[in-house]
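Trainee: I have a structure open and would like to go through it with you. Can we start with whatever you'd pick out?

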Amino acid sequence: MAIVVNLDVMLARRKMRAKELAAAIGITAQNLSILKRGRARALRLRTLDAICRELACQPADLLEYRQDEPPEPPG
């Protein structure tokens, strides 16, 4: 996947546990874990807003785009 979620980095910078953040923004710890591991298929903007508000950060601090490298041609 080309979108990398850096939520664990921001949690470490803010010295906050994922469980604390989940409780503060009103989602389950399991759903936050899915997001943190980059396994989520979608992210509601209100959830992103709540995370940014709680961690005092910008969306770009949490989400990073990395272009997938094209496969090398056989040969």
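**Salt bridges, core and helix packing**

Mentor: Start with E64 and R66, whose side chains meet in a salt bridge (3.0 Å, N to O). A salt bridge here is a side-chain nitrogen of Lys or Arg within 4 Å of a carboxyl oxygen of Asp or Glu. Keep in mind that this is a predicted model, where local features need pLDDT of at least 70 and side-chain atom pairs count only at pLDDT 80 or more, while totals for chains, interfaces and linings use all residues. Residues are numbered from 1 along each chain as its sequence is written, and side-chain values use heavy atoms, with hydrogens and water left out.

Trainee: Are E64 and R66 buried, exposed or partly exposed?

Mentor: E64 is partly exposed at 29% relative accessibility, and R66 is partly exposed at 44%. Buried means under 20% relative accessible area, exposed over 50%, and partly exposed in between (1.4 Å probe, protein chains only).

Trainee: How many salt bridges are there in the whole structure?

Mentor: A search of the whole structure finds two. D49 and R53 also meet in a salt bridge through their side chains, at 2.6 Å, N to O.

Trainee: Why are D49 and R53 about one helical turn apart?

Mentor: Because they are four residues apart in helix α4. Helices (H or I, at least four residues) and strands (E, at least two) are DSSP runs, numbered from the N terminus. D49 is partly exposed, with a relative accessible area of 42%, and R53 is exposed, with 58%.

Trainee: Which residues of α4 are buried, then?

Mentor: T47, L48, A50, I51, C52 and L55. Their cover includes α1, α2, α3, α5 (59–62) and β2 (63–65). Just after α4, A56 takes a positive phi of about 50 degrees.

Trainee: On to the core. Which residues touch the most other members of the largest nonpolar core?

Mentor: L7, L21, L32, I51, L55, C57 and L62, out of 16 residues in that core. α1 (7–13), α2 (18–25), α3 (29–36) and α4 (45–55) each supply at least two of its residues, and α4 gives the most, with five. A nonpolar core is a set of buried Ala, Val, Leu, Ile, Met, Phe, Trp, Tyr and Cys residues joined through side-chain atoms within 4.5 Å.

Trainee: What is L62 in contact with, leaving aside neighbours within four places in sequence?

Mentor: V4, V5, N6, L7, M10, L48, I51, C52, L55 and C57. Contact means heavy atoms within 4.5 Å.

Trainee: N6 is in that list. Where is N6 placed?

Mentor: N6 is in the loop between β1 (3–5) and α1. N6 is buried, with a relative accessible area of 16%.

Trainee: New topic: how do α2 and α3 pack?

Mentor: Their axes come within 9 Å and cross at roughly 115 degrees. Axes are lines fitted to C-alpha atoms, for helices over the stretch in contact, and angles run from 0 to 180 degrees between N-to-C directions.

Trainee: Which residues make the contact?

Mentor: A18, L21 and A22 of α2, with A29, L32 and K36 of α3. They divide into five nonpolar, no polar and one charged. Ala, Val, Leu, Ile, Met, Phe, Trp, Tyr, Cys and Pro count as nonpolar, Asp, Glu, Lys and Arg as charged, and the others, Gly among them, as polar.
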